[in-house]
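Here is a short briefing on one protein chain. Please keep the sequence and the model open while you read.

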Amino acid sequence: MSLVRHVPAGTGASVWAVGDTYTMKAEAAQTGGLFGLIEASVPPGGGPPPHTHTREDEAFYLLDGVLEFHTEDRFIRAAAGDFVYLPRGIQHWFGNPGESVARALMIITPGGMESFFTEIGTPVRAGELAPAMDPEEFGKIAAVAAAYGSIVPPPDHG
């Protein structure tokens, strides 16, 4: 079976998850497990809660807009054309502080974690915006993340 893959612009399975839209461009099954490639569209105020990947490295290439990345000891404000690499084992989160949608390519290596988004997400409905993250779904997100070797600590309500 050939691993050659072509995903035309504007295509790929898309889901809404944690208030963002994630479009699968390449999944582990299509790359021999080497990597996953996702296009993330993050609305103003969007982005995932703090989390740690124990198995994967994650990298972002910003296509449009601005994302702010946070780790235990770093703050990075990234704009279109910027690249951010987050090695496994580092708690991180990102958010869109801007007034327009930010878009980024997410490279996950090795592949497999991209299935997490499909599992927790809702298929995109054309012409509608992603719903905001429902705090009631936090338990499900944390449990599914754990199955993928990721840690999502409970929100800090203090």
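The model is predicted. Its largest nonpolar core has 31 residues. There are 6 aromatic pairs and 6 salt bridges.

**Nonpolar core**

- Within the largest nonpolar core, Y22, F60, L67, F69, M106, F116 and F117 touch the most other members.
- Helix α2, residues 138–147, gives this core its largest share, 5 residues.
- In soluble globular proteins, nonpolar side chains tend to be buried together.
- F116 reaches I141, V144, A145 and Y148, leaving aside residues up to four places away in sequence.

**Aromatic pairs**

- A pair of aromatic rings is described by the distance of the centres and the angle of the planes.
- The count of such pairs here is 6.
- One of them is F69 with F94: the ring centres are 5.5 Å apart and the planes stand at 40 degrees, so this pair is tilted.
- F69 sits in strand β6 (residues 66–71) and F94 in strand β9 (residues 92–95), so the pair ties together parts 25 residues apart in sequence.
- F69 is buried because its relative accessible area is 2%.
- F94 is buried too, at 3%.
- In the pair of F116 and F117, the centres are 5.3 Å apart and the planes are at 75 degrees, so the geometry is edge-to-face.
- F116 and F117 are both buried.
- Ring pairs join Y22, F116, F117 and Y148 into a cluster.

**Helix α2 and its end**

- Which residues of α2 are buried? They are F138, I141, A142, V144 and A145.
- An α-helix has 3.6 residues a turn, so residues three or four places apart point the same way.
- The cover over the buried residues of α2 includes α1 and β12 (150–151).
- Just after α2, G149 takes a positive phi of about 80 degrees.

**Salt bridges**

- Side chains of opposite charge can pair when their charged atoms come close.
- E39 and R103 form a salt bridge, with their closest N and O atoms 2.5 Å apart.
- This pair links distant parts of the chain: E39 is in strand β3 (residues 36–42) and R103 in strand β10, 64 residues apart.
- E39 is buried, with a relative accessible area of 16%.
- R103 is partly exposed, at 27%.
- R103 also forms a salt bridge with D64, where the closest N and O atoms are 2.7 Å apart.
- D64 lies in strand β5 and R103 in strand β10, so far as the chain goes 39 residues apart.
- D64 is partly exposed, with 33% relative accessibility.
- Salt bridges link K25, E39, D64 and R103 in a network.
- D57 and R88 meet in another salt bridge, at 3.2 Å from N to O.
- D57 belongs to strand β5 (residues 57–64) and R88 to the loop between β8 (83–86) and β9, so the pair ties together parts 31 residues apart in sequence.
- Is D57 buried or exposed? D57 counts as buried because its relative accessibility is 14%, and the cut-off is under 20%.
- R88 counts as partly exposed, at 39% relative accessibility.

**Nonpolar surface patch**

- L34, F35, Y61, F83, Y85 and I107 make up a nonpolar patch on the surface.
- Together these patch residues have about 590 Å² of accessible area.
- I107 is placed in strand β10 (residues 102–109).
- I107 counts as partly exposed because its relative accessibility is 32%, between the cut-offs of 20% and 50%.

**Two loop positions**

- G112 lies in the loop between β10 and α1 (114–120).
- G112 is partly exposed, with a relative accessible area of 21%.
- G112 touches A28 and Y148, not counting residues up to four places away in sequence.
- V124 is in the loop between β11 (122–123) and α2.
- V124 is partly exposed, at 32% relative accessibility.
- V124 touches S14, V15, W16 and T21, again leaving aside residues up to four places away in sequence.
- V124 and G19 are 105 residues apart in sequence, yet their C-alpha atoms are 11 Å apart in space.

Terms used
Residues are numbered from 1 along each chain as its sequence is written. This is a predicted model: local features need pLDDT of at least 70, side-chain atom pairs count only at pLDDT 80 or more; totals for chains, interfaces and linings use all residues. Side-chain values use heavy atoms; hydrogens and water are left out. A nonpolar core is a set of buried Ala, Val, Leu, Ile, Met, Phe, Trp, Tyr and Cys residues joined through side-chain atoms within 4.5 Å. Buried means under 20% relative accessible area, exposed over 50%, partly exposed in between (1.4 Å probe, protein chains only). Helices (H or I, at least four residues) and strands (E, at least two) are DSSP runs, numbered from the N terminus. Contact means heavy atoms within 4.5 Å. Patches are made of residues with over 30% relative accessible area and no salt bridge: like charges are joined within 9 Å, nonpolar side chains (Val, Leu, Ile, Met, Phe, Trp, Tyr) within 5 Å. Accessible areas come from the Shrake-Rupley method with a 1.4 Å probe; for residues, only the protein chains shown count as cover. A salt bridge is a side-chain nitrogen of Lys or Arg within 4 Å of a carboxyl oxygen of Asp or Glu. Rings of Phe, Tyr and Trp (its six-membered ring) pair if their centres lie within 6.5 Å; planes under 30 degrees apart count as stacked, over 60 as edge-to-face and the rest as tilted.
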